[in-house]
Amino acid sequence: MTLDREAADRAATRAGYDAIAPAYAEHFRDELAGSPLDRAVLGAFAELVEGEVLEVGSGPGGVTAHLHGLGVRVRGVDLSPAMVELARREHPGIGFAVGDMAALDVADAALGGVVAWYSLIHVPAPELPAVLAEFRRVLAPGGRLLLAFQVGDDVSHHDEAFGHRVSLDFRRMQPDDVASLLGDAGFDVTARVVRAPEQTSLAAPVPQAALLARRRR
Ligand SMILES: C[S@@+](CC[C@H](N)C(=O)[O-])C[C@H]1O[C@@H](n2cnc3c(N)ncnc32)[C@H](O)[C@@H]1O
């Protein structure tokens, strides 16, 4: 993928989430409350992780706030300034900043954990190895990584969301493929949770996966 293409892709994702930020936050406000399995995965991550955690693609900050409530020292970073503004307003005790998960403003080995909760789904496949390498760079040896994504082989493109014109790609992935990329990037996968499709109001139901991994020492 050329740099122009990457920049255009990022700009479309940023503009899309800027447009839908308030509606997205409202729609997913009670998502975790209704998902015991997601809470279990996040709870396990919270117990395992040591040190500071960064949620990349934190959106309105609901997952960041949930981890904060579990006693995790956590902050969020998101491509969309509107999402960051909204997260700051809704969760004033937590730090949120605008940034790109492909080039994090974080020193090498500074973090105990990274969470990409339905945000890696916006990274084009050819860029995934570089993004995972960036996660590895910022994690201390033994640091924990948690990924959540929709399972599948296709890209679901949306020209409209919550009544706004957008151009958003949601890339589904196979857990085996992601696990293989994680291995290549220097991670050991320690757990996989795949849950059966559940009906949501947004899209045709697909299985959902969460992978826990650890940066090799
Ligand atoms: C589906 S939302 C998930 C938000 C949040 N993690 C949650 O579960 O509610 C995806 C988020 O990832 C952000 N995002 C997409 N690409 C990104 C990138 N390259 N760097 C940082 N954030 C990104 C979007 O702006 C959006 O807020």
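Author: Gladly! Contact, or touching, means that heavy atoms lie within 4.5 Å. By that cut-off Asp38 touches Leu32, Trp117 and Arg195, not counting residues up to four places away in sequence. The model is a predicted one, where local features need pLDDT of at least 70 and side-chain atom pairs count only at pLDDT 80 or more, while totals for chains, interfaces and linings use all residues. Residues are numbered from 1 along each chain as its sequence is written, and side-chain values use heavy atoms, with hydrogens and water left out.

Reader: Why is Asp38 called buried?

Author: Buried means under 20% relative accessible area, exposed over 50%, and partly exposed in between (1.4 Å probe, protein chains only). Asp38 has a relative accessible area of 8%, so it counts as buried. Asp38 lies in helix 2, where a helix is a DSSP run of H or I with at least four residues and a strand a run of E with at least two, both numbered from the N terminus.

Reader: What makes the pair Asp38 and Ser35 a polar contact?

Author: A polar contact is a pair of N or O atoms within 3.5 Å; within protein, one must be able to donate a hydrogen and the other to accept it, and residues adjacent in sequence count only if both atoms are side-chain atoms. The side chains of Asp38 and Ser35 are joined at 3.1 Å, so the pair passes the distance test. Another such pair is the side chain of Asp169, a residue of strand 7 (residues 164-171), with the side chain of Arg171 at 3.5 Å. Asp169 also touches Ile121, His122, Val155, Ser156 and His157, leaving aside neighbours within four places in sequence.

Reader: Which pocket can you describe, and how much space lies in it?

Author: The second largest pocket has about 200 Å³ of space. Of its 14 lining residues, the closest to its centre are Ala125, Leu128, Arg172, Met173 and Asp177. Helix 6 (residues 175-184) gives the largest share of that lining, three residues.

Reader: How do you know which residues are closest to the ligand?

Author: A residue is near a molecule if one of its heavy atoms lies within 4 Å of it. By that rule 20 residues surround the ligand, the closest being Glu55, Gly57, Asp78, Met101 and Trp117. A polar side-chain atom of Asp78 lies 2.6 Å from a ligand oxygen, and one of Asp100 lies 2.9 Å from a ligand nitrogen. For Leu79, a backbone N or O atom lies 3.2 Å from a nitrogen of the ligand.

Reader: Why is Met101 called buried?

Author: Its relative accessible area is 12%, which falls under the limit, so Met101 is buried. Met101 sits in the loop between strand 3 and strand 4. Its contacts beyond four places in sequence include Val56, Ser119, Leu120 and Phe135.

Reader: What makes the phi of Ala109 worth a remark?

Author: Most residues other than glycine have a negative phi. Ala109 has a phi near 60°, a positive value. Tyr118 also has a positive phi, near 55°. Tyr118 is found in the loop between strand 4 and helix 5 (128-138), and its relative accessible area of 18% means that it is buried.

Reader: Finally, how do you know that Leu212 is buried?

Author: Leu212 has a relative accessible area of 9%, so it passes the test for buried. Leu212 belongs to strand 9 (residues 208-215), and its contacts beyond four places in sequence include Phe45, Leu48, Leu145 and Val189.

Technical notes. On a 1 Å grid over the protein atoms alone, a cavity is a set of points where a 1.4 Å probe fits but cannot get out, and a pocket is an open set with protein on both sides within 12 Å along at least five of seven lines; lining residues have an atom within 4 Å of a point. Grid points are joined across faces, edges and corners, and a volume is the space filled by probe spheres set on the points.
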